[in-house]
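User: Hi, could you walk me through this structure, starting with what a pocket is?
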Amino acid sequence: MTPGQRFRAAWDTERPLQVVGAINAYCARLAGEAGFRALYLSGAGVANAAFGLPDLALTTLSEVVEEARRITDVTPLPLLVDIDTGFGTALNITRTVHELTRVGVAAFHIEDQISAKRCGHRPGKQLVSVAEMQDRIRAAVDARTDPEQVVMARTDAFASEGLEGVIQRAQAYVEVGADSIFAEALTDLESYATLVRSVSVPVLANATEFGRTPIFDREEFRAAGVRLVLYPLTAFRAMGLAAQETYATLRKAGTQKSLMNQLQTRDALYQVLKYWEYERKLDQLFGTHSETASFSEEKI
């Protein structure tokens, strides 16, 4: 199966499909171990985690593609990638799709904000015309070499045009080939249900935290007909708070003794990374006799 086929199979198998954010390859491995069927690479995640920058269209195509490649290299799970507004005009969008395809990306979403975009849950967003967004989608669809690769159209219209604007835009985007609709920052389940009834393709709900959309559970989204639920930065936010508290403790206490029960052990890390498989391969190649059994805490 192609990556696109795996993504479509996932949304047919699990309803709604939980798509979880992974800011790097290691997180992708952890998500796979937890049983998720699809992964997400957030534009904000790349900007925040890899570059220490805000989500204001400050990263480049090559930077996003490299982060995607690192994830697809370590997991067969299909990856949905945030490409903001496509990194330029129609020819740039064509190149974007070709680069994503080269590294095995299953799906991507492109949005209808202006190129100087803002976070979807912040004020001050400005949209391009429906016609301009349709051109972006046409360029993306035309650039595909795998017809099963998912072109998802994101609209940020709810804040300025209301639900009616979202529906009109979504229908126009589907007309020119969008395989799925991502309506950003809706504020109630009935709006999702109305949108689902208004389009013929799967709808994604962004279940991000601390934004315009309340926290709904999977069953509530299912009842509204939502086919995909996105958790773009939940793990990253948990990691960020843990790191802040860890650094503060180390600085104040001068030791990590009080943190030991909160730390992933060396054994657990090595399990995720399949460390011992690599070590056994070294033994086979070079005839060494390195220890391949699990470390005990006394050996750390």
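Analyst: Gladly. A pocket here is an open set of grid points with protein on both sides within 12 Å along at least five of seven lines, and its lining residues are those with an atom within 4 Å of a point. Please keep in mind that this is a predicted model.

User: What does its lining have by class?
Analyst: By class, the lining of the largest pocket has 17 nonpolar residues, together with 6 polar and 2 charged ones.

User: Which helix supplies the largest share of that lining?
Analyst: That is H10, which supplies 6 residues, the largest share of the lining of the largest pocket. At least two lining residues come from each of strand E1 (17–21), helix H2 (25–34), helix H10 (234–253) and helix H11 (266–273).

User: Switching topic: how many cavities of 30 Å³ or more does a search find?
Analyst: A search of the whole structure finds 1 cavity of 30 Å³ or more, and about 50 Å³ of space lies in the largest cavity. Among the residues that line the largest cavity are Gly-43, Pro-54, Leu-56, Val-64, Asp-82, Asp-84 and Phe-87. By class, this lining has 7 nonpolar, 2 polar and 3 charged residues.

User: Now the strands. Is E4 buried or exposed?
Analyst: Strand E4 (residues 107–111) has 5 of its 5 residues buried, so this strand is largely enclosed by the rest of the structure. Buried here means under 20% relative accessible area.

User: Which residues are on each side of E4?
Analyst: Ala-107, His-109 and Glu-111 are on one side, while Phe-108 and Ile-110 are on the other, and both faces are covered. As background, in a regular strand the side chains alternate between the two faces of the sheet.

User: What joins E4 to E3 and to E5?
Analyst: Strand E3 (residues 79–82) is joined to E4 by 3 bridges, and these two strands run parallel. In this pairing, Val-81 has Phe-108 of E4 as its bridge partner. E4 also runs parallel to strand E5 (residues 150–155), with 5 bridges joining them, and here Ala-107 stands opposite Val-150 in E5.

User: And where does the chain cross from E4 to E5?
Analyst: The chain crosses from E4 to E5 through helix H6 (residues 130–143), and this β-α-β crossover is right-handed. A right-handed β-α-β unit is also made by E3, helix H5 (residues 90–102) and E4.

User: Last topic, how many salt bridges does the structure hold?
Analyst: The structure holds 25 salt bridges. One of these joins Glu-161 and Arg-169, whose closest N and O atoms are 3.0 Å apart.

User: Are those two buried or exposed?
Analyst: Arg-169 counts as buried, with 5% relative accessibility, whereas Glu-161 is partly exposed, at a relative accessible area of 38%.

User: What about the pair of Glu-190 and Arg-197?
Analyst: Glu-190 and Arg-197 also form a salt bridge, with their closest N and O atoms 3.0 Å apart. Glu-190 counts as partly exposed at 46% relative accessibility, and Arg-197 is exposed, with a relative accessible area of 60%.

User: Which helix do Arg-222 and Glu-219 both lie in?
Analyst: Both lie in helix H9 (residues 218–223), where Arg-222 and Glu-219 are 3 residues apart, about one turn of the helix. Their side chains meet in a salt bridge of 2.3 Å, N to O. Both partners count as partly exposed, Arg-222 at 37% relative accessibility and Glu-219 at 44%.

User: Which residues are linked in a network of salt bridges?
Analyst: Asp-84, Glu-111, Lys-117, Lys-125, Arg-154, Asp-156 and Glu-184 are linked in such a network.

Key. Residues numbered from 1 in each chain as written. Predicted model: local features only at pLDDT ≥ 70, side-chain atom pairs only at ≥ 80, totals over all residues. Heavy atoms only, no water. 1 Å grid on protein atoms, 1.4 Å probe; cavity = no way out; pocket = protein on both sides within 12 Å on 5 of 7 lines; lining within 4 Å. Points joined across faces, edges and corners; volume = space filled by probe spheres on them. Nonpolar A, V, L, I, M, F, W, Y, C, P; charged D, E, K, R; others polar. Buried < 20%, exposed > 50% of the residue type's maximum accessible area, 1.4 Å probe, protein only. Helix = DSSP H or I, 4+ residues; strand = E, 2+ residues; numbered from the N terminus. Pairing = 2+ DSSP bridges. Right-handed = clockwise from strand over helix to strand, strands pointing away. Salt bridge = Lys/Arg side-chain N within 4 Å of Asp/Glu carboxyl O.
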